[in-house]
Each structure stands twice: as structure tokens, then as C-alpha cells.
Amino acid sequence: MKSDLFSSEYMAQPATAPGMTLQNTKSIKYAVNGEMYARQGSMIAFRGSLQFERKGQGIGGLLKRAVTGEGLPLMSVKGQGEAWFAQEAANCFIVDMEQGDALTINGRNVLCFDPTLSYEIKTVKGAGMTGGGLFNSLFTGYGKLGVICEGDPIVIPVTGQAPVYVDTDAVVGWSARLSTSLHRSQSVGSMIRGGSGEAVQLMLQGEGFVIVRPSEATPQKAAAH
């Protein structure tokens, strides 16, 4: 049988080392030798001797709520073998973290991660109870974190002289040393009359970067996750 489908571009190859690699722009392959963690429902294929165990709303309270307010159930994957992960054909990226690094990430953008990473739920300071962005997840330590993004992400540098304002429905994550606060771009009267729909943003200040996606989360999309 012959077809472009069977070219090396699409063919899965045996892993040469344990851990996380990009299979392609839409999926991550993880060669499991022990344990790893992933978003429930994100496994699309596996081979070998692997066990999948639900972890409720998150391991040790991780990712109780994403920015949009939905929970993010996790699963542990144990054993030896290979597993592939993806989420609605979103673009996949691997963040290689070292000791001293800290990344605040939106729960809906987490796909999978190494067990060597430390994580905890953090309240986004200054976000109050308005819209999304109340809880995010802080990853520290060393290891790899698989991140997903609908569309091509935009990474915007943040400097002391130039704070960045982001829609809470579009933010993916930011360097943890940045400070956050709520910014209103309209008067209350304007919001009551309708306005532009972009009344409140998250303001990030300091030295670092923020990652945004080229779309906003919709209620229908959030409910489906």
C-alpha cells in the first residue's frame, strides 16, 4: 500500500529516551518510565504497559479552576510505554523549566507535565471576582510542561516602562515575577450602555513576558472542556 500518509512526517517512531517530545505541532508524545501527569481525556493513543488513573479536580488541589472558572481534572499515567496527548487539534508547545524558573499558566492551557515539576493554585492578585482570571497555576522546579494554545500564540515582552494589558479570556500565561492588577478601560456608565465589550483587562507590570492566544474563550467552549 502506498500513500503520502505513510511518509516519515506522519509515522510514529519508537522513543529513544524517556520523557516528553513533540510528535507534531498538534500532539505531544510521552515515553513513560514511571509516572507522569496529563489532562483527563487528552490521551489519543498509547502502547506498552500503562495504567491511567483519574485524579479528580487535580493532584493536591492543582488547577481547581481555570481562568474561565471550569475545573481541570487530571490523570496520572503509570508504567512503561508511550502515550500521545492532544486537545481539539490545538497547537502544542513544550516548556523546558529549570530550577529557579516560575511560570503562571492558565489551567485550560495545560496538557501534560513531568512529575518533577512543583505546582500550586494561586489567586491572581488584583483580579478580584470579575470575569475570569481568578485562579491560575504556578509551576516551578525543573522538568517539562506541555502547553496548548488555540491558534498561534503571541509572546509580548513586559518591561518596567511598558506594562501590558490582556483580556482574561485570551491570556495563556506569564512569567511569575510579574505583578498583576485589574484595569478598567471604560467608565461604568459606558459598560451599562453596552460599550465595546472590553471593559476589564488584566494589567501586568514588571520585567518578563505574557503569552496570549489569538482568540477568546467562549461560554460554549469553556463548558465543553
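Analyst: What follows goes from the nonpolar cores to the aromatic pairs and then to the salt bridges. The model is a predicted one, and the contacts described below are to be read as features of that prediction.

The largest nonpolar core has 16 residues, and the members that touch the most others are Met36, Phe85, Leu111 and Cys112. Three strands, E2 (27–39), E4 (74–85) and E7 (110–113), each supply at least two residues of this core, and E2 gives the most, with five residues. Apart from this core lies another, of 14 residues, which includes Leu74, Leu145, Cys149 and Val172.

Leu74 also takes part in a contact through its backbone: its oxygen lies 2.9 Å from a polar atom of the Gln40 side chain. Gln40 is located in the loop between E2 and strand E3 (43–54), and with a relative accessible area of 17% it is buried, because the cut-off for that class is under 20%.

The aromatic side chains come next. Five aromatic pairs are found in a search of the whole structure. In one of them, the ring centres of Tyr37 and Phe113 are 5.5 Å apart and the planes stand at 55°, so the pair is tilted. This pair links distant parts of the chain, since Tyr37 belongs to strand E2 and Phe113 to strand E7, 76 residues apart. Both Tyr37 and Phe113 are buried. Another pair, Tyr119 with Phe139, has ring centres 6.2 Å apart and planes at 55°, so it too is tilted. Because Tyr119 lies in strand E8 (residues 117–123) and Phe139 in strand E9 (residues 135–141), this pair ties together parts that are 20 residues apart in sequence. Tyr119 counts as partly exposed, at 22% relative accessibility, whereas Phe139, at 0%, counts as buried. Ring pairs link Tyr37, Phe113, Tyr119 and Phe139 into a cluster.

Between E7 and E8 runs a loop that holds Thr116, a partly exposed residue with a relative accessible area of 33%. The C-alpha atoms of Thr116 and Lys144 are 8.5 Å apart in space, although the two residues are 28 apart in sequence.

Arg47 and Glu82 meet in one of them, with an N to O distance of 2.5 Å; as Arg47 lies in strand E3 and Glu82 in strand E4, the pair ties together parts 35 residues apart in sequence. Arg47 is partly exposed, at 37% relative accessible area, while Glu82 counts as buried at 9%. Arg47 and Glu82 also belong, with Lys29, to a network of salt bridges.

Glu53 and Lys78 form another bridge, their closest N and O atoms being 3.7 Å apart. Here again strand E3 supplies one partner, Glu53, and strand E4 the other, Lys78, so that parts 25 residues apart in sequence are tied together. Glu53 is partly exposed at 37% relative accessibility, and Lys78 is partly exposed at 33%.

A further salt bridge joins Glu150 to Arg213, with the closest N and O atoms 3.4 Å apart. Glu150 sits in the loop between strand E10 (143–149) and strand E11 (154–158), and Arg213 in the loop between strand E16 (208–212) and helix H2 (219–224), 63 residues apart. Glu150 counts as partly exposed at 25% relative accessibility, whereas Arg213 counts as buried at 6%.

Methods: Residues are numbered from 1 along each chain as its sequence is written. This is a predicted model: local features need pLDDT of at least 70, side-chain atom pairs count only at pLDDT 80 or more; totals for chains, interfaces and linings use all residues. Side-chain values use heavy atoms; hydrogens and water are left out. A nonpolar core is a set of buried Ala, Val, Leu, Ile, Met, Phe, Trp, Tyr and Cys residues joined through side-chain atoms within 4.5 Å. Buried means under 20% relative accessible area, exposed over 50%, partly exposed in between (1.4 Å probe, protein chains only). Helices (H or I, at least four residues) and strands (E, at least two) are DSSP runs, numbered from the N terminus. A polar contact is a pair of N or O atoms within 3.5 Å; within protein, one must be able to donate a hydrogen and the other to accept it, and residues adjacent in sequence count only if both atoms are side-chain atoms. Rings of Phe, Tyr and Trp (its six-membered ring) pair if their centres lie within 6.5 Å; planes under 30 degrees apart count as stacked, over 60 as edge-to-face and the rest as tilted. A salt bridge is a side-chain nitrogen of Lys or Arg within 4 Å of a carboxyl oxygen of Asp or Glu.
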